[in-house]
Structures are given as C-alpha cells and as structure tokens.
Amino acid sequence: MSRSLTTAFALLLGTSALPAFAEGPTLSEEAFEASKQLYFEQCAGCHGVLRKGATGKNLEPTWKKTAKDGTVTEGGTLKLGQERLEKIIAYGTEGGMNNFSDIMTEDQIRDMATYIQMDPPKPPEMSLAQMKETRKIYVEEADYPTAPLHGRNWENFFVVIERDVGKVAIIDGDTKEVLTHIPTGYAVHVIKASEHHSISEPENPGRFWYTMGRDGKMTKIDLWQTPDKMLVSEVKVAYDARDVAISGDGKYVIGGGYWPPHFAIVDAQTMEPLKVVSTRGVNVDGNYVEEARVAAIYTTPHEPTWLVAVKELGQIWQVDYSDLDNLRIDKINTAKFLHDGFFDPTGRYFQIAANASNKMVVVDSKERKLEALIDVAALPHPGPGANWNDPNCGPVAGTTHLGVGTVTVWGNDPEGHADNAWKVCYEVETDGPGLFVRTHPNSKYVWADQTKHPDPEVQQSVQVIDKETGKIVKTIQITEEEGNAAVHFEFNKDGTEVWVSKWNLKDSKAPNGQIVIFDAETLEEKGRIDGLYAPTGKFNVYNRSNHVT
Ligand code: DHE
C-alpha cells in the first residue's frame, strides 16, 4: 500500500489511543492499528466504522436496541466471544457474510476477532476548507478541447473500474482496445457521466465522467482528450465514500460520504467544493443516528434534483440544486437500510433496495413522495437494475438478492398497468445469491450474477433469463480459475454484446483480470479482453448517459 494511502486510512480511522481495558480482550498497539486498517478495508462498508451495522450486523462490544414497538434486545461481540467470532470471520455466515479465510491470514482473523470486542475508535470530521485544499487540476479549463481529439466512437467507450489498483480503464467498445488506465481514488466504487435531462441538460452528455473512490476522492475524466490527458482534475470530499452524481444541467457534482456522513456539492467544471451538508439525523424509527451514511445518489431525469439515499435513516432526501444557498431538501421516509437503485423507464420512479427490510422502495420523483414498498426476498441488491416488458404484467423491473438465489420481478407501470404496478409479477430461482442484474431494450434476455455464493463453481457462473418465459435459458461458466469470480454486466451501445468481469479476488493487484464478451443474441462467447487489474463495474458511455436500463 502506498504511503499516501496509508496516511489517508490513518486519518479516516482516527488517531484515538488504544482503548484501555481493565479486563477483557486487548491487543498490542501494533496489532490494534493493523486491525483498524484491515477493518476499514474489509468490514466497515457493511458494518460501519462505528460498528452499529447496516448491510452487516452490529459489531459493538455490547449493544441494546429498542424497536418501534418498544421491544428491547441486547447483544454484542463480547457475548459472542473470541472463538465464535473467529469462526464467523473465517467461514462467513448463511446470512450472506463472505468467508474471509481466503483474504485474511489466521493471525489477522484472530486479531480482528479481538479488535471487534474492543470499543471502536471514532474517525475525524472533514470541513469544506479541508476539501478545498485537496483539489488538483491536471488540465486547465482553457485547454479543454472543443471536439474529440481522437477519431474514435467515444459513445461506445466503456469506463471500467480496476478496483484494487485504484484505477479506471477506458476501453474502446468497437475495437476492444484498452486505451488507458487512469489513476483515481482507492477502489473506485461508482462512476457517473453527465446525462441527458428533460429540463436543462449539459452540453455533450456522456463526455465528462466522475469517479468516486472508497477514499472519498472524486476524479473528473474527459473522454474527448487523448488517453494520456483524460484525467483532468480531482478533489477529496470524504474519507470513506461510495457514490457520486452530476446535476441534470451538468453544473454540479454531488459526492456522498460514508464517513463523515455527509454529502458535498462541487462545481462540475472546476471541481471546487461549494457546499457540505451533514446527513446525521433521526431515522424512520425515531432514533438518532450518528453514522447515517450516503449510499446511492441519482440525478432525477425530469426534476432539478438529486435523490440521496441516507442508508441508516431509511430516508431518501430529494435535494433541489436550483438554489444552493437556500437548499430545499424533501426528506422522504422509506425503509432501512437503503443501498442501490435505478429508475423506471419513464425516469419518474426510483426503485431502490432497502436491504435490511427485504423491500424494494419506490419513490415518485415528481411528487417527491414515497410511492410504494414491495416485499421481496432476503437482502435485495439490483446494482444497475433491469427494466423490461413482460407478456403478462407489462413493464417490469427485477433485482438479484445478496441473501438468496432469487431474481424478483415486479410491475412498474402505474399509468398503463395499474393492477400490476409495484406488485411481484414472478420470481426466478437461480443457483445462488448475486449482486447484479442487467438487460438492454434490444435484448431478449436478463443476466444475473451469483457472486455471493460460497461455492466457487456457482460464483464463477452467470445465468441468463428469457424475458418472454421468465425461465433460465443458460448458465454460463465464466472461468474455472481458483480465486476468480464472475461479476457485473454491461451491454454495449446497441445492445448486441454483454460484457462480464472475471475478477481475480486472490491476486487482485496483477493484470490478470479479464472482461468476457458475449453475443447478446446467441449467448456465445465472442472474446476476452486481457490485461485488466481486478475489473469490477463497467459503464458504457451511451447507455449510462441515456438512462438505458
Ligand atoms: Fe458496491 C454500487 C455500496 C460492496 C461493486 N455499492 C454501489 C452503490 C453503493 C454501494 C452505495 C451505489 C449504488 C447505486 O448507484 O445505485 N458496495 C457498497 C457497500 O457498502 C458494500 C456492501 C460494502 C463495501 O465495503 O463497499 C459494497 N460493491 C461491493 C463489492 O464487494 C463490489 C462487488 C466490489 C467492490 O468494489 O468492492 C461492489 N458496487 C459495486 C459496483 C457498483 C456498486 C460495480 C456499481 C454498479 C452499477 O452498475 O451501477
């Protein structure tokens, strides 16, 4: 790990001294610091830096919870004890937690089990002034080209996350050439483009891309530049973050923090931070939440707003960017814990997973209100999501689940098919729990991965569902190489190809990852793009800037 990255983590993780214990589990200072860093890298995303739990369980030494109906429950890692905790970390759980025996050494597992029985250190805050100091400009605005500097079909470029080396690759979707590997934040999570918008849209939607690293670093990429100059600027808006979005008019970028729990609004042209808003608050159950993290953020296609999912509050905040000084935020009560979502084909309804509630939440961005809650299977996780037409239910959408091998499909056309709207149309049983589902309007099929299944053979294969019959028509083994998983899909611009990542989880800093390309019609493999570093998410320029889901 680089020195600057280590410093960034040290900052995130706080400098509080080793908690003193009269009795009870304890670690040497060195082991405590190492576990603190490993916890951030591997555990904090699901369990939270303060360990109060979200996608994963609460990991405080002791906790007491009061439900809405007044029922009190108690628990904690101290109660579970060293031996049980080591087993859970090593082998995972049936509830969807990964096994870490492949990722952590035995000593690391032992120390982690002890670390989580000690009080969590609290990380520092980040002010607007601190964000401003981190801004870097690599290409001056005056040097932005007025037309693409390469003769390539940039609307069919793919922007690909190379997770473990902190880079994104730009791949020409026509020629399959990897044009460049751009340095970004650590383990970029989401990348978004400027998009078409019905009220006021940016010039050349899809030209500028903004990445969000897990370390809160946002980078701006210009696809009209020559590959060596595509990185134009960057700024850090948090210590730990996941999502980013651009305003419909292309003027602002919003970045959401896991820690500090806030969102920051940045000038999309200059990357100058303009405003920071805390997301701490009172959740849908009436309890104050300090670690109220920002999960998905989306631009609403027909309103001058963003939807900001405040995970632990169970609220979607509809943030109106038309007047930053008098920021209007409509706080929409939904369900916990909000995670990932996607719009319906009209761009009015936002469908997002509340994974701890086993529900899909639907928000009406026109009325700025909750539209529906749909009961689905355990831990829904749609990723980019999929919308299509079903012969019986009309327009539908689907999600994979982290907890179970099921794709749930629901009606999503309240205007044309009111009887089916926001009701489950059917479920498809897959071989294993997955992370991502995806389709394209020109394709007959919906693709689902099974990355969360502990059995390598299942984890390495994906399943294809026929939109007409709702049945699985093909299971495709992407790889049989040990330590590799198949993950995430993206179609090319015209929907004739499906790109799947082969992600080497064990040796993730080497250029041994691949993108495997399939013919979207015949489902036959067309070829592989080699030389990629831990490729995970892939984003096609045309599809993402034109709301093709
Ligand atoms: Fe993700 C999207 C959070 C683990 C790859 N992930 C998102 C989004 C959030 C999120 C909030 C945005 C959703 C949206 O825009 O609708 N992800 C988290 C976590 O908190 C979690 C559970 C644990 C963590 O520590 O981060 C987590 N995610 C993972 C992974 O393990 C994956 C497979 C690899 C990785 O990078 O760690 C992963 N997440 C992705 C990808 C997307 C994503 C590729 C974008 C999907 C898309 O096509 O839009």
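Modeller: A polar contact is a pair of N or O atoms within 3.5 Å; within protein, one must be able to donate a hydrogen and the other to accept it, and residues adjacent in sequence count only if both atoms are side-chain atoms. This is a predicted model, where local features need pLDDT of at least 70, side-chain atom pairs count only at pLDDT 80 or more, and totals for chains, interfaces and linings use all residues. Residues are numbered from 1 along each chain as its sequence is written, and side-chain values use heavy atoms, with hydrogens and water left out.

In glycine 341, a backbone N or O atom lies 3.0 Å from an oxygen atom of the ligand. Among the elements that give two or more residues to the shell around the ligand are helix 3, strand 7 and strand 21 (338-343); helices (H or I, at least four residues) and strands (E, at least two) are DSSP runs, numbered from the N terminus. The side chain of tyrosine 258 has an N or O atom 2.6 Å from an oxygen atom of the ligand. For arginine 163, a polar side-chain atom lies 2.8 Å from a ligand oxygen atom.

The iron atom of the ligand has a single protein donor, His189 (NE2), at 2.0 Å. Donors are N, O and S atoms within 2.8 Å of the metal (3.2 Å for Na, K and Ca); water is not among the atoms, so sites may look incomplete. Histidine 189 sits in the loop between strand 6 (178-183) and strand 7 (190-193).
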